[in-house]
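Dear colleague,

Please find the structure below for your review. My findings follow directly after it.

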Amino acid sequence: MAVTLPEGDLQTRLARYLDGLNNRHGIEDSSVDGNIVLVWVRPEDVPAVLATARETLGILHLSFITVVDRQGSFELTYEMLDLRGGQVRVKTVVEGEEPVIQTVTDIYPTANWHEREAYDMFGIAFRGHPDLRRLYMWQDHFDHHPLLKSFEISTKRTFEGLR
Amino acid sequence: MLGEQRRAEHEGALTEPASGRLASPDIRDEFGLETIDMNMGPQHPAMHGLLRLILELDGETVVRCDPVMGYLHRSKEKISENRMYPAVIPITDRIDYMNNIAMEYGYCLAVEKLLDVEIPPRADAIRALMNEFGRIMSHIPSVGFLLLELGAFTPILYAFRERERIQSIFEAVTGARMMFHYIRIGGVKADLPEGMTETMWEYIEGLEKRLQPDFVDLIGGNEIFISRTRGIGKMSQEKAVEMGLTGVPLRCTGVEFDVRKHYPYGWYKNLDFDVITDEAGDVEASYRVRMGEVRQSIRMIKQILENLPEGEVLGDLGRRLRPNEGDGIARIESARGEYAVHVVSDGSDTPYRVHYRTPCTVNMQLLQEIVPGHYLPDIMPIMGLIDPVSGSWDK
């Protein structure tokens, strides 16, 4: 049972990834920079785009999911590698104070703990996640999501006097 | 070998699915058998730090394994948001405290992508050199820990003898034995001291001689080691890729993926090395891959020392860095797998958001998947296969 990894020239593959994603979905914005294909999608399209990436284009590895709190909206980055030099980066913006987005654990099972971490740190609810518990913080009696910008820390410092 | 025969007798028990080894529901009802829940850790000497496993046991067979993390969570990502860019480097040191230099390297690469600066070639070469020393310093003790958890005390002493010697090299170069703060944004802190290349060369040649008798002949052919590790933690390539594994756990199943080779960074573009893989995908294979990687690291260190470029080691970027708005993402191959850093800048002097993709967090998902069906004492070798570090999975 061997895994088949993509072969061939990197530039041809990147063009194929971009075409494959553009043809199947309404992509908001897309670009190729070096070995990275960057696409912006609407939050409800994320599972479909990732499913195309894995099933049709053969990009097997989900590297990480980053959440950035933009104070009012959340920016999510899904970074995928084809393990042979190509990268696909899917970005989306979720609006609202208590955001909800569809899970991708059924497409990339490794997303399980990435999504648990995002829920723990930012309070993002992943609809359909099989096991949405906190990953690092206490399970009970802790109502905060520490990486939100609204979560103040006591030792907040400014560097005004420095040059 | 006798060990292999014994293993073969138990082979059936290992290949049959987890449910096959459990008592059937009829027998369970007749004798009133039930599974018991047990906590393993967080204070457990073989848990590589602070990890709690909630286990459901049927006799001695594990039915369910649920890792609970967060006992060493220090919220490195929040701390990083509250410091200026150069001041985050010492924080990254404490993520993976067995292989610190790689953690600094990944963060500095990410910030350099934001700043779009050129690194002096000598600094690039020294970074790769120290990174490979760091890999040896992490791989050899990890084999020692695996054996220690199986009950063999000698290999950890041999392993720490090597680690001590490398730590002395690091002490001479960086000034610290563990938390180096050596790699800086734009280069490295200081040039190698006088006579250091000769010392390194001498050490590397000595290690090459000692590796075969101390770590390969002594461990690899040992009957007890083979019978405890062969076929344990066995996984297919599909499973490994599906779970997002990287590093040694992925390569020991035969998938050829190494960030240094396939997403090259820094000085690794100029180096000639092989990606070590193994077909078996069990604990013994991971041990073989680690030993192979130590040999490749020795090969790379020799290449770097032969062609070490001359010149500056640290460019002048000013004290207060203000990168342009945007994303800086860099990934490197740490001793445990793919380590990626995502730095988001808003144009000010502190990062807006820093995300560390630590290899241990992702690789540890494997525990849920492959531990069920194994016997309780097999958890230790499986932890040795993943080789996690507490600071790295908890951030």
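Predicted model: local features only at pLDDT ≥ 70, side-chain atom pairs only at ≥ 80, totals over all residues.

Helix H16 of chain B covers residues 379-386, and eight of its eight residues are buried, so the helix is largely enclosed by the rest of the structure. The buried residues are Ile379(B), Met380(B), Pro381(B), Ile382(B), Met383(B), Gly384(B), Leu385(B) and Ile386(B).

Taken along the principal axes, the C-alpha atoms of chain A fill a box of roughly 55 × 45 × 30 Å. Chain A has 163 residues, of which 35% count as buried. Where contacts in chain A link residues at least 6 apart in sequence, 51% of them join residues at least 24 apart.

The two chains also meet. Chain A gives 30 residues to the contact and chain B gives 33 residues. On the side of chain A that touches chain B, the elements giving two or more residues are strand E3 (61-69), strand E4 (73-81) and helix H3 (111-122) of chain A. E3(A) supplies the largest share of that side, six residues. Sorted by class, the side of chain A that touches chain B holds 18 nonpolar, seven polar and five charged residues.

One further residue of chain A may be of interest to you. Gln139(A) lies in the segment after strand E7 (125-127) of chain A. Is Gln139(A) buried or exposed? A residue counts as exposed if 12 or fewer other C-beta atoms lie within 10 Å of its own; Gln139(A) has 10 within that distance, and is therefore exposed. Leaving aside residues up to four places away in sequence, Gln139(A) touches Arg133(A) and Arg134(A). Between Gln139(A) and Asp120(A) there are 9.5 Å in space, C-alpha to C-alpha, and the two are 19 residues apart in sequence.

With kind regards

Terms used: Residues numbered from 1 in each chain as written. Chains lettered and ligands numbered in written order. Buried ≥ 20, exposed ≤ 12 C-beta atoms within 10 Å, placed from the backbone. Helix = DSSP H or I, 4+ residues; strand = E, 2+ residues; numbered from the N terminus. Contact = placed C-beta atoms within 7 Å. Nonpolar A, V, L, I, M, F, W, Y, C, P; charged D, E, K, R; others polar.
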